[in-house]
Amino acid sequence: MTTTTVNLTVNGDRLNRNIAQLAAIGQLANGASSRVAFTPEDLQGRKQVQQWMVEAGMTTRVDAAGNIIGRYPGQNSDFPALATGSHIDTVPVAGDFDGCLGVLAGIEVVRTLKEHHICLQHPLEVIVFTDEESSVIGSKAMAGEANPDPEAYRRADGTAIEDCLAKIGGDWSKLPTAQRDRTDIIAFVELHVEQGGVLESKNAQIGVVQGVVGQYRFFVEIAGRANHAGTTPMGDRKDALVAAAEVILAVNRIGFQPPGSQVATVGYLKASPNASNTVADKVELTIDLRDLSQSHLEALIEQMRQEFDAIALKTNTEIAMTQTLHIRPTLATPIVEDAIEQIAQQLNLTSYRLPSRAGHDAQETGRFADMGMIFVPSRNGISHSGDEYTSPEECTQGTNVLLQTFLMLDRLYQ
Ligand SMILES: [Zn+2]
């Protein structure tokens, strides 16, 4: 590393001022932020961010999926770009940091480079992805994984995706043109707040993300036989609720079972007829299963099927399991993951390797480019709430890691 770049740091005051300025757009009376995708507040936020990109020295364009792409030229215009970014749309009641930090950090990195007259070998892109909080259409379209059926993207209020995209400068009819590949983006690094409490509990300042977990969801139907709770002898029952209880405990045991870092949850249950004097004849429940390893997930699902067969036999019921969701895990690329860890060390920041159990745009960009994520702590592990908080110092530290990671990757990818 040259002496000119080794001590290079971002302007933390300016970064944190931008975070507060963006949070003020769509601010609710209780201080929380609300910029749901495609609303006037989201549009206003997008306009502000685009203006900052231009002032920072980037050219900007909006692709067919509505993604805002800011580009800072590199010395070699034929090199693929290094890229960063995140989202500025929010859940209906949100904090100031989820997504916004990653976008504003990217802009701050470019400003810092420009102010110091540094031009990387690779072009550097800062991307604002469309609607991360709901459809993830922006990063999915970029990965070529968007659903071709526009009905899949109709908003809860009935608005068509064609109209939503038109509002932000996108174009549904040209959606496939938003797709990128490795020849034009070689690596994507996203800075994000952890949205969990691991870093805080480990006393770590920087999270080195190992990947974004894959997710399976199942709908389970248990069929028994309804009968009188007084006159039906215990041994003659087909009690769907008793089977459900065993299913829930089996899922929980699988969540705890070593090895692996899986989490397994039954979060929804509906019994019928749901009457105090009747043996239940039907129970519906859901299973949510997440882990970093696809093969481990598949092994756990096979184990579940076997255990459920045994429970069905024991309780004289029938248990049917239907898959309703499958998102493949995306592992961080070792070259990027290691770079982030080394940079944290060089900056004297404590770091900890962990998986991301929440979805992020990097999960999609990581399907076509090398990928890594930097986490900074979330106070008390709270996110998707007005109480979400990451200190100005932590935001600045994460952004410095992002800056130095790009300086390192710029050399590694030659
Ligand atoms: Zn986010």
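Predicted model: local features only at pLDDT ≥ 70, side-chain atom pairs only at ≥ 80, totals over all residues.
Contact here means heavy atoms within 4.5 Å.

Helix α8 comprises the 17 residues 240–256. At 1.5 Å a residue, a helix of this length should span 24 Å, and the end C-alpha atoms of α8 are 25 Å apart, which agrees with that expectation. At the start of the helix, the backbone nitrogen of L241 has a side-chain oxygen of D239 within 3.0 Å. The buried residues of α8 are A240, A243, A244, V247, A250, V251 and I254. Viewed down the helix axis, these buried residues fall within an arc of 125°, so they line one face of α8. The face of α8 turned away from the buried side carries L249, R253 and F256, which are exposed. The elements that cover the buried residues of α8 include the strands β7 (214–223), β9 (263–265), β10 (269–272), β12 (282–291) and β13 (318–327), together with helix α9 (294–315).

A zinc ion is coordinated by H87 through NE2, by D98 through OD and by H192 through NE2, at 2.0 to 2.2 Å. Along the chain, the donors of the zinc ion follow the spacing H-x10-D-x93-H. The two histidines link distant parts of the chain: H87 belongs to the loop between β3 (81–86) and α4 (100–115), whereas H192 lies in strand β5 (residues 185–193), 105 residues apart. With a relative accessible area of 1%, H87 counts as buried. H192 is likewise buried, and its relative accessible area is 1%.

Four aromatic pairs are present in the structure. One of them is formed by F97 and Y389, which are arranged edge-to-face, with 6.2 Å from centre to centre and 90° between the planes. F97 is located in the loop between β3 and α4, and Y389 in the loop between β16 (370–376) and α12 (392–412), so the pair ties together parts that are 292 residues apart in sequence. F97 counts as buried at 8% relative accessibility, whereas Y389, at 32%, counts as partly exposed. In a further pair, the ring centres of F129 and F188 are 5.7 Å apart and the planes stand at 70°, so this pair is edge-to-face. F129 occupies the loop between β4 (124–128) and α5 (137–142), while F188 is part of strand β5; the pair therefore ties together parts that are 59 residues apart in sequence. F129 has a relative accessibility of 1% and counts as buried. F188 also counts as buried, at 1% relative accessibility.

Residue E41 is located in helix α3 (residues 40–56). Its relative accessible area is 30%, so E41 is classed as partly exposed. When residues up to four places away in sequence are not counted, E41 touches I25, G26, S34 and R35. The C-alpha atoms of E41 and A24 are separated by 10.0 Å, the two residues being 17 residues apart along the chain.

Key. Residues numbered from 1 in each chain as written. Heavy atoms only, no water. Helix = DSSP H or I, 4+ residues; strand = E, 2+ residues; numbered from the N terminus. Expected span 1.5 Å × (residues − 1). Buried < 20%, exposed > 50% of the residue type's maximum accessible area, 1.4 Å probe, protein only. Arc of directions from axis to C-beta. Polar contact = N/O pair within 3.5 Å; in protein donor to acceptor, adjacent residues only side chain to side chain. Donors = N, O, S within 2.8 Å, 3.2 Å for Na, K, Ca; no water. Phe/Tyr/Trp six-rings, centres within 6.5 Å; stacked < 30°, edge-to-face > 60°.
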